[in-house]
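Subject: Structure handover

Hi,

Here is the structure I promised to pass on. Please open it first, then read my notes below.

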Amino acid sequence: MQVAMIGLGRMGMNMARRLLKKGHEVVAYNRTVKKTEELAGEGATAAYALEELPGLLQSPRAVWMMLPAGPAVDDHLDRLLGILSPGDIIIDGGNSFYKDDLRRAGISREAGFRYVDAGVSGGIWGLQEGYCLMVGGPRDAYDHLEPLFRSLAPEEGYLYCGESGAGHFVKMIHNGIEYAMMQAYAEGFELIEASSYGKDLAYDHLCHVWNRGSVIRSWLLELAERAFSADPGLSEIQGYVEDSGEGRWTVEHAVEAAVSSPVIALSLFERFRSRKENTFSNRVLAALRREFGGHAVKRTEQDEAKR
Ligand SMILES: NC(=O)c1ccc[n+]([C@@H]2O[C@H](COP(=O)([O-])OP(=O)(O)OC[C@H]3O[C@@H](n4cnc5c(N)ncnc54)[C@H](OP(=O)(O)O)[C@@H]3O)[C@@H](O)[C@H]2O)c1
């Protein structure tokens with residue numbers, strides 16, 4: 001089937017490649033022309049302006065945005081609503097906040113369009129392994145797009161999750177779980193590293209063994225095995241961990257819904273902590289222990305120099 005892919009980044013480019021490989025017709029558009037040309041060289045039809053899309057697609061048109069969440073999505077949706085025709089389907093496959101979907105789906109519906117929110121998981125491995133897809137929006141649009149989902153996903157790797165927002169809501173929770181799982185693995189390795197057994201253990205081999213029938217086997221452990229075998233002490237990496245929104249939204253949702261989700265919340269807060277050394281909160285703790293119990297504190301180098 002025909003689809004336009006807007007945004008040929010790490011995700012959109014390989015998703016378009018997978019669709020081409022499976023025999024779909026892809027119209028490619030990207031802000032930076034070089035990537036559009038690259039994909040055109042692999043069989044896609046190039047569009048050098050959004051305004052070219054209507055003339056290159058048959059109705060009902062399917063246009064898939066793979067852009068950073070936020071203003072870029074609003075801007076492209078706004079422009080697409082101005083150039084496409086009622087009945088056409090616009091898909092947001094980025095990591096958008098599900099409440100933004102509700103607003104965007106409403107605007108699209110009022111103008112006669114069908115807006116689909118698709119949570120996509122699989123990262124840079126999706127080209128070979130397939131992308132797990134969690135889809136929300138009008139059911140008839142989902143049914144129409146199913147050939148695309150079937151080609152993008154591994155076998156049985158896509159699901160209609162419900163009305164508008166459901167796809168990105170489920171993807172948000174998925175990422176919250178991902179934060180917590182990663183944190184648990186990270187703490188496990190830190191505990192081993194701090195023990196007398198750590199120095200004799202090859203962590204890549206340990207990951208490998210844990211992935212052979214153990215309860216904690218997982219793809220994350222396969223990735224950990226790769227990372228440890230390339231750099232056993234992870235000495236080339238700083239322990240600074242970014243977050244990309246979904247973890248925060250998951251925790252915000254937990255607060256709104258008054259659902260206790262301490263493990264996910266703590267894994268998010270640990271990421272914040274990873275970005276700071278010698279935190280103010282820890283200095284407050286040390287100061288309080290000194291005040292109430294006369295416990296020793298470690299002086300800063302500056303303070304030592306003054307003495
Ligand atoms: N990477 C992952 O593992 C992963 C997994 C699941 C979901 N996602 C989500 O998928 C979406 C795309 O992620 P990605 O990793 O492919 O990002 P990326 O590699 O940074 O690519 C972003 C794409 O969006 C385009 N773009 C960015 N800002 C734009 C703007 N203001 N106007 C027009 N085009 C713009 C870029 O065009 P240029 O080439 O011109 O810069 C590029 O093609 C995001 O929402 C992300 O959260 C990512």
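Which residues in the largest nonpolar core touch the most other members? They are Ala4, Met5, Ala16, Ala28, Val63 and Trp64, out of 57 residues in that core. The core lies between domain 1 (2-163) and domain 2 (172-201 + 238-274), because both give residues to it. Keep in mind throughout that this is a predicted model.

Take Ala4 as an example. Leaving out residues up to four places away in sequence, Ala4 touches Val27, Tyr29, Ala47, Leu53, Leu57, Val63 and Trp64.

Six residues from domain 1 and six residues from domain 2 make the contact. On the domain 1 side, the touching residues are three nonpolar and three polar, with no charged ones.

Next, the ligand. It has 21 residues around it, and Gly9, Met11, Arg31, Thr32 and Gly94 come nearest. Two elements give two or more residues to this shell: α1 (10-21) and β6 (114-121). The largest share, three residues, comes from α1. By type, the shell holds eight nonpolar, 10 polar and three charged residues.

Last, some backbone details to look at. Most residues other than glycine have a negative phi, and most peptide bonds are trans.

- Ser59 and Pro60 are joined by a cis peptide bond, with omega about -10°. Pro60 sits in the loop between α3 (53-56) and β4 (62-65).
- Glu156 is not a glycine, yet its phi is positive, near 60°. Look for Glu156 in the loop between α7 (139-152) and β8 (158-162). Glu156 counts as exposed because it has 8 C-beta neighbours inside 10 Å, and the cut-off for exposed is 12 or fewer.
- Asn278 also has a positive phi, about 45°, without being a glycine. Its place is the loop between α12 (262-274) and α13 (280-293). Asn278 is exposed too, with 8 other C-beta atoms within 10 Å.

I would start with the core, then go to the ligand, then check the loops.

Best wishes

Methods:
Residues numbered from 1 in each chain as written. Predicted model: local features only at pLDDT ≥ 70, side-chain atom pairs only at ≥ 80, totals over all residues. Near = placed C-beta within 6 Å. Helix = DSSP H or I, 4+ residues; strand = E, 2+ residues; numbered from the N terminus. Nonpolar A, V, L, I, M, F, W, Y, C, P; charged D, E, K, R; others polar. Contact = placed C-beta atoms within 7 Å. Core = buried A, V, L, I, M, F, W, Y, C linked by C-beta atoms within 7 Å. Buried ≥ 20, exposed ≤ 12 C-beta atoms within 10 Å, placed from the backbone. Domains from an automatic or database assignment.
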